[in-house]
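This briefing is meant for someone meeting the structure for the first time. Please look over the sequence and the model before reading on.

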Amino acid sequence: MGTKERNKFLMETSPEQYTFTAKFLHWLIAIGIIFMFILGWFMEALPKEAPKSSSYDLFNLGIYTWELAKETSPRSFYFNLHKSIGITLFTLIIFRFYWRFTHRPPALLKTMKSWEKKLATTAHHGLYLLMILTPLAGIIMSIASKYGIKWFGIKIIPGIDDGGLREIFHEFHIIFGILILGILFFHITGAVKHSLIDKDGTIQRMWFKIK
Ligand code: HEM
Ligand code: HEM
């Protein structure tokens, strides 16, 4: 089958809508990833030497206070929180991949120009790839450190204390993160352009139907 016939075949056999699960995972993971950036930047700015505490007011906002069984330094608390939420997000992302492979998404809108379709599809594929690579680099970096990974206090993977490996995957973690942000810029600009200028219902396609 040539590219033209294949595209026609895909258009004719594609479902009308994203499944509820695809929409739910899109928004839950989007919020999760944005939260991970904020948490990552916040924790990097914390001082290396600081008094230990057993209660942490999350981001010092006065909204939610986390109570711990043991006293910990602020860096250790926020780093462990980043790893715990990151691991949780990673399993959700793997499930999203499974869902994507077993449930075809709807074809892009017919009104989109061919370059728009190419750009949107490339952005989607790039986001899928980086959604896996960013946490994976974080996981390998954490295993390479002397601390390993705890999931909300439960030790799940011990650290091997290999400084060189840790440094390499720290770099990857940062580079993949920057790439995600770069693609997200196009992804969000595209979504806003379709909703404000083209008014073609693109955001509604990814949103939940009330009826
Ligand atoms: C970290 C944040 C985000 C990630 C990783 C992400 C990822 C993705 C991916 C991979 C798809 C393709 C789904 C598929 O066809 O299988 C998609 C679709 C979509 N995203 Fe996002 N997204 C994010 C944030 C956002 C935001 C903030 C908006 C809105 C402003 C948005 C709007 C949309 C829309 C409207 C679609 C559907 C496009 C269509 O098929 O018509 N996304 N997103
Ligand atoms: C999509 C998910 C993730 C995002 C968006 C993310 C983002 C970030 C960001 C923005 C930083 C600060 C970068 C820097 O200046 O060093 C960071 C640091 C870090 N991340 Fe992640 N992260 C994710 C998942 C994970 C996971 C799953 C783990 C491990 C289980 C992890 C472990 C770490 C560690 C240990 C650091 C601190 C590195 C250091 O300074 O020693 N991250 N992350």
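The chain exposes about 14000 Å², and carbon and sulfur atoms supply 69% of that area; accessible areas come from the Shrake-Rupley method with a 1.4 Å probe, and for residues only the protein chains shown count as cover. This is a predicted model, in which local features need pLDDT of at least 70 and side-chain atom pairs count only at pLDDT 80 or more, while totals for chains, interfaces and linings use all residues. Residues are numbered from 1 along each chain as its sequence is written, chains are lettered from A and ligands numbered from 1 in the order in which they are written, and side-chain values use heavy atoms, with hydrogens and water left out.

**Overall build**

- The secondary structure of the chain comes to 6 helices and 4 strands, where helices (H or I, at least four residues) and strands (E, at least two) are DSSP runs numbered from the N terminus.
- Read along the sequence, these elements follow the pattern α-α-β-β-α-α-β-β-α-α, and the C-alpha atoms fill a box of roughly 60 × 40 × 25 Å, taken along the principal axes.
- Of the 211 residues of the chain, 33% count as buried, a term that stands for under 20% relative accessible area, with exposed meaning over 50% and partly exposed in between (1.4 Å probe, protein chains only).
- Among contacts (heavy atoms within 4.5 Å) between residues at least 6 apart in sequence, 64% join residues at least 24 apart.
- The mean positions of the 25 positive and 15 negative charges are 9 Å apart; Lys and Arg count as positive and Asp and Glu as negative, while His and the chain ends are not counted, and the place of a charge is taken as NZ of Lys, CZ of Arg, CG of Asp or CD of Glu.

**Surroundings of ligand 1**

- Ligand 1 is surrounded by 20 residues, and the closest are Tyr-18, His-26, Arg-100, Tyr-128 and His-187; a residue counts as near a molecule or strand if one of its heavy atoms lies within 4 Å of it.
- The elements that give two or more residues to the shell around ligand 1 are α2 (20-44), α3 (74-102), α4 (114-144), α5 (163-198) and α6 (202-205).

**Surroundings of ligand 2**

- Around ligand 2 there are 21 residues, of which Glu-44, His-82, Arg-166, His-170 and His-173 come nearest.
- Nitrogen atoms of ligand 2 lie 2.8 Å from a polar side-chain atom of His-82 and 2.8 Å from a polar side-chain atom of His-173, whereas an N or O atom in the side chain of His-170 is 2.6 Å from an oxygen atom of the ligand.
- The elements that give two or more residues to the shell around ligand 2 are α2, α3, α4 and α5, and α2 gives the most, with 6 residues.
- His-173 has its place in helix α5, and its side chain reaches the backbone nitrogen of Gly-138 at 3.3 Å; a polar contact is a pair of N or O atoms within 3.5 Å, and within protein one must be able to donate a hydrogen and the other to accept it, with residues adjacent in sequence counting only if both atoms are side-chain atoms.
- Not counting residues up to four places away in sequence, His-173 touches His-82, Thr-134, Ala-137, Gly-138 and Met-141.

**Individual residues in loops**

- Gly-148 is placed in the loop between α4 and β3 (149-151), and it counts as buried because its relative accessibility is 2%.
- Leaving aside residues up to four places away in sequence, Gly-148 touches Lys-83, Ser-142, Ile-157, Pro-158 and Gly-159, while Gly-148 and Asn-80, 68 residues apart in sequence, are 9.8 Å apart in space, C-alpha to C-alpha.
- Phe-59 lies in the loop between β1 (53-57) and β2 (65-72), has a positive phi of about 55° although it is not a glycine, and counts as buried because its relative accessibility is 15%.
- Lys-199 is found in the loop between α5 and α6, and its phi is near 45°, a positive value in a residue other than glycine; with 64% relative accessibility, Lys-199 counts as exposed.

**A residue within a helix**

- Ile-175 is found in helix α5 and is partly exposed, because its relative accessible area is 41%.
- Ile-175 and Asp-57 are 118 residues apart in sequence and 30 Å apart in space, C-alpha to C-alpha.
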